Amino acid sequence: MNTPVRILLFPAVAFCAFLVLAFSASAQDETYRVTFVAQLTPDSIPVEEGLEWRVFGPKIGADGQLPLLANATGGSRSFNMSAGEYLVHTAYGHASAIRKIEVNADSNEEYFILNAGGMELSAVAGDDTPIPDNLLRFDIYEDQADERGERKLIASRALPGQIIPFQQGTYHVVSQYGTLNAEVRADIRVTAGKLTKARLKHRAARITLKLVRTTGGDALADTQWSVLNVSGDLITESTSAFPRMVLSEGVYTAIAKNGDRIFSQDFEVRPGVNQDVEVLTGA
């Protein structure tokens with residue numbers, strides 16, 4: 001769903017504003033006050049927080065790099081600059097713009113169009129079961145894969161509800177619920193000047209394992225656990241009275257070892273249905 005973006009929707013990437021001037025003009029050189037302004041689209045209001053500006057000289061130095069002459073963070077920023085050419089780069093989250101400018105007596109304002117929008121991600125289990133924020137993370141990749149079938153990672157471990165600026169385009173989102181096998185993927189389109197909200201659905205649930213003597217009894221301590229999928233592959237191991245985990249839907253086998261005795265129980269994970277799985281000792 002796309003909605004108009006207000007600039008204040010991007011607090012997660014706000015920077016503390018500061019300004020460093022490092023131009024090499026002598027005290028006798030005349031300077032001109034130039035203001036840099038960034039916009040999401042040509043007709044949007046200026047971005048007034050979360051920007052990072054860098055001003056470079058136009059000639060590569062002895063180190064093979066363009067010399068960084070000044071930098072600043074925040075919103076629109078003004079610089080006292082001597083006449084000449086400069087390369088100016090601005091970044092806003094994962095969106096950026098770069099321009100070559102010429103400063104002269106007619107210089108006043110320079111505008112940079114980011115062609116960017118925002119992405120806000122969330123997820124549920126099943127149809128509408130809430131997922132605790134501490135169990136949910138998003139990785140965001142480029143849409144196109146390389147010749148090896150791999151995509152470039154752009155943003156790692158983004159939080160649910162976090163609004164992140166991106167250049168207009170399509171992105172491949174991977175949502176991880178828990179730390180095991182509950183993962184979903186989706187291609188999300190970001191539109192310049194809009195906030196794109198996307199809610200992914202996990203076909204998974206939270207499971208708590210308990211080794212008990214009788215149904216509803218207390219969990220036995222010092223129990224070693226293994227969980228296998230229907231193919232017999234090991235999914236996870238732990239030593240706990242009642243280990244908690246997130247598993248994707250399917251049929252699993254819980255194996256509990258307590259002392260020199262081993263017990264097992266098959267169970268089914270249904271999307272969004274959090275449950276306790278009791279393994280009975282029978283004694």
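Where is the place of asparagine 258?

Author: Asparagine 258 sits in strand 22, which covers residues 250–258. Strands here are DSSP runs of type E with at least two residues, and helices are runs of H or I with at least four; both are numbered from the N terminus. Residues are numbered from 1 along each chain as its sequence is written, and side-chain values use heavy atoms, with hydrogens and water left out.

Now the residue itself. Asparagine 258 has a relative accessible area of 22%, so it counts as partly exposed. The scale is simple: buried is under 20% relative accessible area, exposed is over 50%, and partly exposed is in between, with a 1.4 Å probe and protein chains only.

Next, its neighbours. Leaving out residues up to four places away in sequence, asparagine 258 touches Leu211, Leu220, Ala221, Asp222 and Thr223. A contact here means heavy atoms within 4.5 Å. Tryptophan 225 is 33 residues away along the chain, yet its C-alpha atom is 9.0 Å from that of asparagine 258.

Look at the other side of one contact. Alanine 221 lies in the loop between strand 18 (204–212) and strand 19 (223–229). Its relative accessible area is 49%, so alanine 221 is partly exposed. Alanine 221 touches Asn258 and also Ala241, again not counting residues up to four places away. Eleven residues separate alanine 221 from lysine 210 along the chain, and their C-alpha atoms are 9.4 Å apart.

For contrast, take histidine 202. This residue is found in strand 17, residues 194–202. Histidine 202 counts as buried because its relative accessibility is 1%. Its side chain makes a polar contact of 2.7 Å with the side chain of serine 175.

Step back to the whole chain. The protein chain has zero helices and 24 strands. Of its 283 residues, 42% count as buried. Take the contacts between residues at least 6 apart in sequence: 63% of them join residues at least 24 apart.

Last, how far can you trust the model? The predictor's confidence in each residue is pLDDT, which runs from 0 to 100. The chain has a mean pLDDT of 90, and 90% of its residues reach 70 or more. Residues 4–28 are another matter: pLDDT stays under 50 there, although the model has 68 contacts beyond four places in sequence for them. Where pLDDT is low, the predicted coordinates should not be read in detail.

Technical notes
Predicted model: local features only at pLDDT ≥ 70, side-chain atom pairs only at ≥ 80, totals over all residues. Polar contact = N/O pair within 3.5 Å; in protein donor to acceptor, adjacent residues only side chain to side chain.
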